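Reader: Could you show me how to read salt bridges in a model like the one on my screen? I would like the general idea, then the actual case.

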Amino acid sequence: MEGDEKIGVYTTNMLIKKDSINIIKHLTFYRVYNLIRLYFSFLLSRILRKSILYGNPFTVSIEPTTACNLGCPECPSGLKQFTRATGKLNLEVNRNLLRSIGKQLFYINYYFQGEPFLHPDFLELIKDAKKHKVYTATSTNAHFITPELAEKIVDSGLDRLIISIDGTTQESYESYRVNGDLTKVIEGTKSIVAAKKRKNSSTPHLIFQFLVVKPNEHEIPSIYQLAKKLGVNEVRLKSAQIYDYTHGNPLIPTQEQYARYKKQKDGTFRLKYKTGNHCWRMWSSCVLTWDAKVVPCCFDKDATYTLGSAIDQPFERLWKSKKYQEFRSSVLTKRNQIDICQNCSEGSKVWL
């Protein structure tokens with residue numbers, strides 16, 4: 001559910017197996033049946049070129065807060081460039097969302113924009129979701145994870161913790177994670193690993209997410225080494241979304257396999273992927289902002305295409321509303337004319 005494409009993975013096989021088992025445990029007959037219905041309606045919609053929808057979302061992202069302590073150059077939250085209000089998710093709103101979205105919901109990523117652990121009651125959000133037996137995940141810059149908080153994270157039942165670590169030296173790390181401190185990230189990671197060991201817990205499944213940009217691409221081998229040394233379960237390399245890429249950008253990696261963009265003969269860049277008039281995410285998932293506005297996906301960072309409020313109406317009615325269906329249909333007929341879709345590789349994919 002993130003706006004960056006996965007381009008490489010390191011895993012610790014035994015712990016990946018434990019995470020896979022944990023995922024399977026969260027699958028119920030009703031959730032699998034709902035997923036099949038969603039995918040069938042997605043295929044039918046592609047054939048007929050109009051939105052047909054059976055089922056409710058299999059996964060959602062819910063935003064705890066838009067506040068962030070860093071100033072990353074390609075992030076509107078870090079740059080404080082939002083036109084929408086900054087705030088934090090109300091606990092009762094979260095509980096109402098959990099009830100209204102439905103029992104078919106399998107996965108919640110408590111992340112969209114901002115740093116989740118700046119929410120003072122973030123782990124209460126996780127605990128409430130776990131009461132619904134939903135697989136939970138979040139993404140953090142790890143600056144606020146102390147040994148005490150690490151204990152609480154493990155106790156909360158959080159299933160997956162993604163730590164953004166875009167460099168193995170302070171120089172490369174802060175070139176993208178502006179105002180960030182790599183030492184805090186490493187210490188936070190150590191605290192989580194230690195807490196898991198003390199409590200003999202396989203969760204949260206711990207992932208290092210390495211956003212590959214030009215200043216850090218030479219450190220790809222060392223991020224694998226660091227993850228292994230610290231006891232991290234998995235490393236995921238991600239290609240970065242660059243807003244202004246046509247005439248090049250100092251963040252675009254020189255190694256094309258790590259870039260989302262391809263240099264052309266005239267020196268300009270284009271999106272490397274050929275996208276089509278389809279997007280599985282429009283059928284399988286959605287994103288909710290901290291104030292319960294529903295937006296199509298994680299590329300709509302400023303909630304430009306708000307499809308309704310889950311506070312003002314029941315979620316299922318919103319999910320199947322005329323406005324939402326019209327947006328899905330537009331993706332099937334003129335996807336490349338929608339600005340949030342123009343810098344996304346999702347349209348080149350079909351499966352989850």
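Author: The term means a side-chain nitrogen of Lys or Arg within 4 Å of a carboxyl oxygen of Asp or Glu. This is a predicted model, where local features need pLDDT of at least 70 and side-chain atom pairs count only at pLDDT 80 or more, while totals for chains, interfaces and linings use all residues. Residues are numbered from 1 along each chain as its sequence is written, and side-chain values use heavy atoms, leaving out hydrogens and water.

Reader: How many salt bridges are found in the whole structure?

Author: The search finds 17. Another one joins the side chains of arginine 95 and aspartate 128, at 3.0 Å from N to O.

Reader: Which helices hold arginine 95 and aspartate 128?

Author: Helices here are DSSP runs (H or I, at least four residues), numbered from the N terminus. Arginine 95 sits in helix H3 (residues 91-101) and aspartate 128 in helix H4 (residues 122-130), so this pair ties together parts 33 residues apart in sequence.

Reader: Is aspartate 128 buried or exposed?

Author: Buried means under 20% relative accessible area, exposed over 50%, and partly exposed in between (1.4 Å probe, protein chains only). Aspartate 128, at 6%, is buried, whereas arginine 95, at 27%, is partly exposed.

Reader: And what about lysine 320 and glutamate 316?

Author: Their side chains meet in a salt bridge too, 3.3 Å from N to O. Lysine 320 is partly exposed at 38%, and glutamate 316 is partly exposed at 41%.

Technical notes
Helices (H or I, at least four residues) and strands (E, at least two) are DSSP runs, numbered from the N terminus.
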